[in-house]
Amino acid sequence: MSAESAEILRVEHLQKYFPVEKSFLEKMLTRNRHFVKAVDDVSFIVRRGEIFTLAGESGCGKTTTGKLVLKLVSPTGGKIFFDGADITSLKGKQLRELRRKMQMIFQDPYASFNPRMKIGDAVGQPLEVHGLAKGAEKRKKVLEILERVGLCPGQKFVDLFPHQMSGGQRQRAAIARSLILQPEFIVADEPVSMIDVSLRTAIIDLMLDLRKDFGLTYLFITHDLAIAKYISDRIAVMYLGKIVELGDKDAIFSNPVHPYTKALLAAIPVPNPERKRKTTELIGDVPSAINIPSGCRFHTRCRYAEKSCSEKEPALVEVEPNHFAACILTEKPDTAE
Amino acid sequence: MTQPLLIVDGLSVEYQTRAGRTRAVNDVSFSLGKSETLGIVGESGSGKSTLGLSLIGLVPFPGKIVEGKVFLDGEEVLKLKKNELRNLRGTRVCYIFQDPMTSLNPVKKIGDHFVEVIRTHQPTVTKVEALERASKLLKDVGIQAERISDYPHQLSGGMRQRVMIALAIALNPSVVVADEPTTALDVIVQAKILDLLNSLRDSYGMALILITHDLSIVLERSDRIMVMYAGQVAEYAPSRVLYEQPQHPYTIGLLQSIPNIELTDQKLEAITGQPPDLLNLPGGCRFWPRCKFAFDRCHKEDPPLYKSGKDRVVRCFLFDEGGAKP
């Protein structure tokens, strides 16, 4: 992907704080409110036609970021630009117009379909919502898209209920539903993590094919770096609501800079019995997103942490062209490993 | 290898459902020695969990063990009476379940779980002694002893799974069956839990059965691997040979479809089709509708397990009479 490619999405200093519910008594006794800082000052650009991956463990804010981008939740702070236009505060009709261009594929194909709605109706519903097609025309479009995602013959699948399909077929139907409006941009939130291993590759290959045919851009969200490596052009690694490292796939995998990225890569099981395994060197568990550590939020678990790490929050700086990391060590390259 | 610790011989389990009878586990045999790890890998519905549960007579209703024998230290497990079997679970064979959230009692403190397990099997131990042992066990799995008076919801997912492991080894069992022990956990926690199981296996000399859907994990962590497909053993071989020379087309397909983070520009190849419905199996080999190498005979006959090399078996006609390799 060349650096000149036009950007389709730009996110600037995005924040989402969820208030922590307190009991009635606590509300009466204390005034200070607590927040879960799910996304805390995240900025990135997605270029047209690329697959940009947000990777990280559960609770790092990757899914919330995906939802913020689609305006499924509204941000606490920051700005979102789609196709050059500020969409942060869009509402009503304009927002609905925008949603035609951006769609989402959810993790759980069991939960994302109405169990009482036939697959054909569910896949065709967006057309009606947006007033694009009805009746015979809608049916024709539904059949077309079902067959495109590998549910052949479409005729056989339109009248099935979700429970009559397997997990892989249901996820294909979910992909069909997200494509029927011919969007430009798709957020795919862990689209294969609930699918059997032998069917995963087929779904991923389908997504890659569709990108070519429909000229799609994906924001891919996953915890599985092995899949991220296979599918993405660029990767952002998140930790506790912040991007800690961002770069081209090759840079992230061959030259990881941030200690967290390194630990994450070392923890991935490699299908090779010959490989000598390094034991994980991370200390403890992920801290709570309510009480985020001061300074660098990773310092409580970092082997290389020094005193200044708990005082100053490191900024995301360019360590080599198009490769960014937020770690104090990168500012002093001689000590970085 | 000396006298194996656990021998499973021709085990079959059936579920009687309204829609018909299905064989979830069909004629499975293996043996396992001290300090060895066996990896059982398969997709959902391949019968891997049912196999694990049947080793200690825990197959859930309406399942029934219809054939086969399980020997533990020379003793036939499935012939034991109910109370003897109950005694064996926990003390000699232990089971670690997938979801640590639902396998701990939410209204009991962590310490009380240990007291219950220890005192059920060893009634002479006092509560104080049991708690002392509990804090030692918690330390072994890397949890601070103060956590003994916490409730399960106060622990993170990884810590809960550590508690489950500590509970499992509380009575020093000789075999530990871990059924998807890390599926609900993040990669870093997963690596730590698997490291822990490995080191406990070595220090206590336990035999470990690791059941998972993730071929990468078993390739990395086990001595031998059993690949299951639709209730049958598709291939059973030492990990290294399985990796270097997979024989069953399903194993080959799986190896080609999992991304390997150490390779660059890997081309993944998907296995076509879907796993079969156990109530409506294809005739002949259960894998033929998805198999690239299928020929006439595969549609008609059910292949037996062929011995296809030292220490390995495969269920595929390509290996009949030392047939050609795919």
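Across the interface of chain A and chain B, the rule finds 0 salt bridges, a salt bridge being a side-chain nitrogen of Lys or Arg within 4 Å of a carboxyl oxygen of Asp or Glu. This is a predicted model, in which local features need pLDDT of at least 70 and side-chain atom pairs count only at pLDDT 80 or more, whereas totals for chains, interfaces and linings use all residues. Residues are numbered from 1 along each chain as its sequence is written, chains are lettered from A in the order in which they are written, and side-chain values use heavy atoms, with hydrogens and water left out.

**Interface of chains A and B**
- In contact (heavy atoms within 4.5 Å) are 39 residues of chain A and 42 residues of chain B.
- On the side of chain A that touches chain B, helix 8 (197-214), helix 9 (225-231) and helix 11 (259-267) each supply at least two residues, helices being DSSP runs (H or I) of at least four residues, numbered from the N terminus.
- Helix 8 of chain A gives the most to that side, with 7 residues.

**Strands 6 and 7 of chain A**
- Strands are DSSP runs (E) of at least two residues, and strand 6 (residues 102-105) pairs with strand 7 (residues 185-189) in the parallel sense over 4 bridges, where pairing requires that DSSP finds at least two bridges.
- Within strand 7, Ala188(A) is the bridge partner of Ile105(A).
- Both faces of strand 6 are covered, with Met102(A) and Met104(A) buried on one side and Gln103(A) and Ile105(A) buried on the other, where buried means under 20% relative accessible area with a 1.4 Å probe, protein chains only.

Conventions:
Buried < 20%, exposed > 50% of the residue type's maximum accessible area, 1.4 Å probe, protein only.
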